[in-house]
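Biologist: I have some questions about the labels used here. Please show me the model before we start.

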Amino acid sequence: MVTFDMGNATLSTLAGKTSGSSEDLGGLVRQLVVAATPLEGRMNGSGRAAFDRFKARSDRIATDLGRALGSVHTGQVMMDRSFRDGDDTMAGNGTHAMGAANFDGARFRG
């Protein structure tokens, strides 16, 4: 039997870290373009063409990466909500079942 044990704050903590990483990653792409700018005049041929394409698309790349991580974040938030709702439902069902149980009838006599 496989047991899945996760703390009740695991997904919300992970979602918070993913949200911050999304912003950081876009900034790093932009920093990469700025850091590589001094190399711009030193390249020729296909290397220069590839760099020019990357530089021209860097904002879009940063935005696309941000959107992708944003989707991951949304999924984490929704999973967290589902786990919390499931936990609340199980607790409510357990309380209801205990209220309907006849504990007096289950006494052991010896």
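Modeller: A helix here is a DSSP run of H or I, at least four residues long, numbered from the N terminus. Leu25 lies in one of these, helix H1. Keep in mind that the model is predicted.

Biologist: Why is Leu25 called partly exposed?

Modeller: Its relative accessible area is 31%. Buried means under 20%, and exposed means over 50%. The value for Leu25 falls in between, so Leu25 is partly exposed.

Biologist: What makes Leu25, Leu28 and Leu65 a patch?

Modeller: Patch residues need over 30% relative accessible area and no salt bridge, and nonpolar side chains are joined within 5 Å. Leu25 has 31%, so Leu25 passes that area cut-off. Together the three leucines form a nonpolar patch on the surface, with about 220 Å² of accessible area.

Biologist: Now Asp80, in helix H2. How do you know whether Asp80 is buried or exposed?

Modeller: Asp80 has a relative accessible area of 13%. The cut-off for buried is under 20%. Therefore Asp80 is buried.

Biologist: Which residues does Asp80 contact, beyond its neighbours within four places in sequence?

Modeller: Those are Asn8, Leu11 and Ser12. Among the other buried residues of H2 are Phe51, Ala62 and Gln76. Helix H1, residues 10-36, is part of what covers the buried residues of H2.

Biologist: How does the span of H2 compare with the expected one?

Modeller: H2 has 56 residues and reaches 79 Å from its first C-alpha to its last. That is close to the expected 82 Å.

Biologist: Where is the kink in H2 centred?

Modeller: On Arg57, with an angle of about 55°.

Notes:
Residues numbered from 1 in each chain as written. Predicted model: local features only at pLDDT ≥ 70, side-chain atom pairs only at ≥ 80, totals over all residues. Heavy atoms only, no water. Helix = DSSP H or I, 4+ residues; strand = E, 2+ residues; numbered from the N terminus. Buried < 20%, exposed > 50% of the residue type's maximum accessible area, 1.4 Å probe, protein only. Contact = heavy atoms within 4.5 Å. Expected span 1.5 Å × (residues − 1). Bend = angle between axes of the 7 residues up to and from the residue. Patch = residues over 30% accessible without salt bridge, like charges linked within 9 Å, V, L, I, M, F, W, Y side chains within 5 Å. Areas by Shrake-Rupley, 256 points an atom, 1.4 Å probe, with all protein chains shown as cover. Salt bridge = Lys/Arg side-chain N within 4 Å of Asp/Glu carboxyl O.
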